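Hi,

Here is the model I promised to pass on. Have a look at it first, then read my notes below.

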Amino acid sequence: MEDVRRVPKVEKAMMLSVQSKEPFPYGDALCVPLDEVTEFRQTSGTTGKPVYQPDTWQDWEWWSECWATLLWAQGYRPRDRVFLPFGYNVFVAFWAGHYACEKIGCEVVPGGVLDTQSRILKMKEIRASAMMATPTYVLGMADVAVRKLNLDPSIDLDIKKITCAGEPGALIPATKRRMEQAWGAKVFDHAGATEIGAWGFECEAQPGALHVNEAMFLAEIEDLDSGQPVTEPGQCGKLVITALDRIAQPCIRFDSKDIVELCSERCDCGRTYSLLRGGVLGRADDITKVKGVLLAPAAIEDVVRSIPGLGDEYEVVVEKKGDVDHITLKVEIAEDSPVTPEQLEAHLKTELRLKTNLGYDLQLHSYGVLPRYEVKAKRFKDLRKKSDN
Amino acid sequence: MDSLKQMASEVEELRRIAQNLYDTSDDFPAVNRNAKRILASIQMLRINLEISSF
């Protein structure tokens, strides 16, 4: 491992710089002749310009292999009929999940350009047993089923397994609970990225942690401040990851910016891969200091979704008023809320203070006011200048 | 363990045959392209069995 650490790390910004040069479009990051490239995907570009990701057919087999490993661990078997309600496009999203299902022998149903209601009705019609989506969309679909179709997914549909990707949520306890209750299904998390691959997964035992797929990835954890290796359980660090078999655009010591914590327990499933407690706890560029306190957006989500009477959506805005950081939290009151808005506000304020050590300007809105998302939701908005925090 | 060694040996034999098909099929595109895909699948078998590429 000491030798590995001598290899410089790669960051997304470096990839952008390399790809801005000739030969078009991958620059000299491409490590095979262009003729060998069979797949193009790109990152979602949430931090600016997207990174292009070339893959050979062997790389694509490898992507499917990563996903087949995680789906098998989550209980997917040839008898499953898996519905994929996502837009098949330039983003990698669930593409590899699709091919992995084929590899396992599941029956795959592509729910590409259908709208949400049509997707729900199709899942009902064909009695799909599993699906994959972002946590935001899993909750959004359940909401549409109840409101627009008068269906209760936990009763009227046959979905028993849901695999999430693209956002945290499936390992945020309150969000996981909401999804599992809404669908009557087990919800599993997985972690990965376009430039890396699907490196981590929650297994059927649901240990509240992610397994690192160490047969296909080399994971290092670094201290956030010193950059020194973190090898002892219980300490948070940043994940630096290497994909062991990716060839077209290799991923060697990629700085994922994912914050993780190694745990010492062994999983009941019997796998001996490293376990990361709570999965991806946040992103190094998301966790920010507000009023001098470290704030992780996931902690706010866990509070909001743990309170009965609040809807699934929320929005956090951090801004500077004078010299003071100011946090506004917008939430929605569920239409079937069993308590008054005043009681909700008091409950929310107490829980936020307990779990995040911060005070908020709370705004309670009627149901349906806040924006809805299908893919990567942007619920945390830091409007301060970078130099301010 | 012996069965794993046996599997690994058979995978290497598969690879040798598929590589030979690929190398000798330049003028037969259908065979060449299918052999290429088979080689990619064989590489996944090598990963499954932890056969080193080096």
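Predicted model: local features only at pLDDT ≥ 70, side-chain atom pairs only at ≥ 80, totals over all residues.

Residues are numbered from 1 along each chain as its sequence is written, while chains are lettered from A and ligands numbered from 1 in the order in which they are written.

Chain A has an open sheet of four strands, in the order 20-19-18-21 with mixed pairing. (Strands are DSSP runs of E, at least two residues, numbered from the N terminus; two of them pair if DSSP finds at least two bridges between them.) Strand 20 (361-365) and strand 21 (380-382) of chain A are the edges, each pairing on one side only. Strand 21 of chain A runs parallel to strand 18 (residues 310-321) of chain A, with three bridges joining them; A:Val317 has A:Lys381 as its bridge partner there.

Strand 13 (residues 254-263) of chain A is worth a look too. Five bridges pair it with strand 12 (residues 236-243) of chain A, antiparallel, and A:Cys236 is partnered by A:Glu261. Strand 13 of chain A also runs antiparallel to strand 14 (residues 275-277) of chain A, over two bridges, where A:Leu262 stands opposite A:Leu276.

As for the chains, seven residues of chain B are in contact with seven of chain A (C-beta atoms, placed from the backbone, within 7 Å).

Cheers

Key
Contact = placed C-beta atoms within 7 Å.
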